[in-house]
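Here are my notes on the model, jotted down as I went through it.

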Amino acid sequence: MNSNAKIYVAGHHGMVGSAIWSALEAKGYTNLIGRNSKELDLRNQLSVSDFFSQEKPAVVIDAAARVGGILANSNYPFQFLMENMQIQNNLIDSSLNADVQKFIFLGSSCIYPKLAPQPLKEEYLLTGPLEPTNEWYAVAKITGVKACEAIRKQFGKDYISLMPTNLYGPNDNFDLNTSHVLPAMMRKFHVAKEIGNEPVELWGSGSPMREFLFVEDLADAVVFALENKFEDNLYNVGTGTDLTIKELAMLIQKTVGHTGEIKWDSSKPDGTPRKLMDVSKMEQAGWKAKVELEVGIQRTYEWFLENLESFKEVRI
Ligand SMILES: NC(=O)c1ccc[n+]([C@@H]2O[C@H](COP(=O)([O-])OP(=O)(O)OC[C@H]3O[C@@H](n4cnc5c(N)ncnc54)[C@H](OP(=O)(O)O)[C@@H]3O)[C@@H](O)[C@H]2O)c1
């Protein structure tokens, strides 16, 4: 990839988009473009199409989406379904019309069926019912994967879909109403420590198993995908290892330095019992995650402390 190629990173201020932007800059890409949602509302088809006509990017990386945890998904099913489809449809369709040669679509591991065998292989897509707590988001993401696959098939263009596992890192969302499990735990432990190591109450039983990827590792995978031609459309991106939510809680508790009790609220939903990616396809393509979970959590907590006054609060 030419270092002067015009690369549009959609969602460049988000956790994922900002990490991708930094990784591209670090690799010497000099012609990056981005717009925040106020400058360009990606739900608006006409605005997106005009933007592509003016800017004519060579590459598009789609890191823009309406994202959130179980609570946000169950409270706002329509927004999670419709806004995600609008954003990705406008980007994919405009990219095709503007002859964008490389498009990288980012989805999520929730596209796979709730009870699919573990670890999750790409071929399990659409083989069973989805996890109900985030099916709206998952259905939208599946249509994005299929749109890229259809373009590959029909037009022979290098449009690919990367499915990251649970991500965490700098610029994450720490709003307890809409955040994912890892940043939510980090904030709860931090606040409880500050008020004298009060007990921390966490959702569910603590027994589900989850996999976590540091966002800078994902950004590295995106740059790898940009610089290499993949044979297929769909690739999982993860570490290939998981741990229980209880183990995760203890790791974060130790990093934060909270010494109080942890209480588990089993009346709250656990979600899928286990969600581990099979990452062998990506490894065969030549990419592997590098950052250990302990290291990533430590770096995320350092970022959290540095940005306590200003970190992002996402509200719908
Ligand atoms: N976080 C995870 O654990 C995780 C895991 C797997 C996959 N992913 C995928 O990674 C991608 C990015 O997630 P993230 O965690 O970085 O989310 P994020 O921090 O919430 O960032 C989302 C970005 O999308 C932009 N956006 C949302 N609605 C928009 C609109 N209508 N018009 C223009 N821009 C809009 C936001 O722009 P503004 O800031 O300007 O509003 C923001 O930059 C998503 O596709 C998600 O599925 C995330």
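1. The largest nonpolar core has 38 residues, and Y8, L42, L91 and Y112 touch the most other members. (A nonpolar core is a set of buried Ala, Val, Leu, Ile, Met, Phe, Trp, Tyr and Cys residues joined through side-chain atoms within 4.5 Å; buried means under 20% relative accessible area with a 1.4 Å probe, protein chains only.) At least two residues each come from strand 1 (7–10), helix 2 (45–55), helix 4 (77–97), strand 4 (102–106), helix 5 (135–155) and strand 5 (158–164). Helix 5 gives the most, six residues. Helices (H or I, at least four residues) and strands (E, at least two) are DSSP runs, numbered from the N terminus.

2. This is a predicted model: local features need pLDDT of at least 70, side-chain atom pairs pLDDT 80 or more, while totals for chains, interfaces and linings use all residues. Numbering starts from 1 along each chain as its sequence is written, and side-chain values use heavy atoms, with hydrogens and water left out.

3. Beyond its neighbours within four places in sequence, L91 contacts (heavy atoms within 4.5 Å) Y8, A10, L42, V48, F52, D62 and F103. There's also a second, separate core of 34 residues, M15, A23, L213 and V222 among them.

4. Strand 7 (residues 200–203) has V200 and L202 on its covered face and E201 and W203 on the uncovered one. In a regular strand, side chains alternate between the two faces of the sheet. Strand 7 pairs with strand 12 (residues 262–265) in the parallel sense, over four bridges (DSSP must find at least two for a pair). E201 stands opposite K263.

Methods. Buried < 20%, exposed > 50% of the residue type's maximum accessible area, 1.4 Å probe, protein only.
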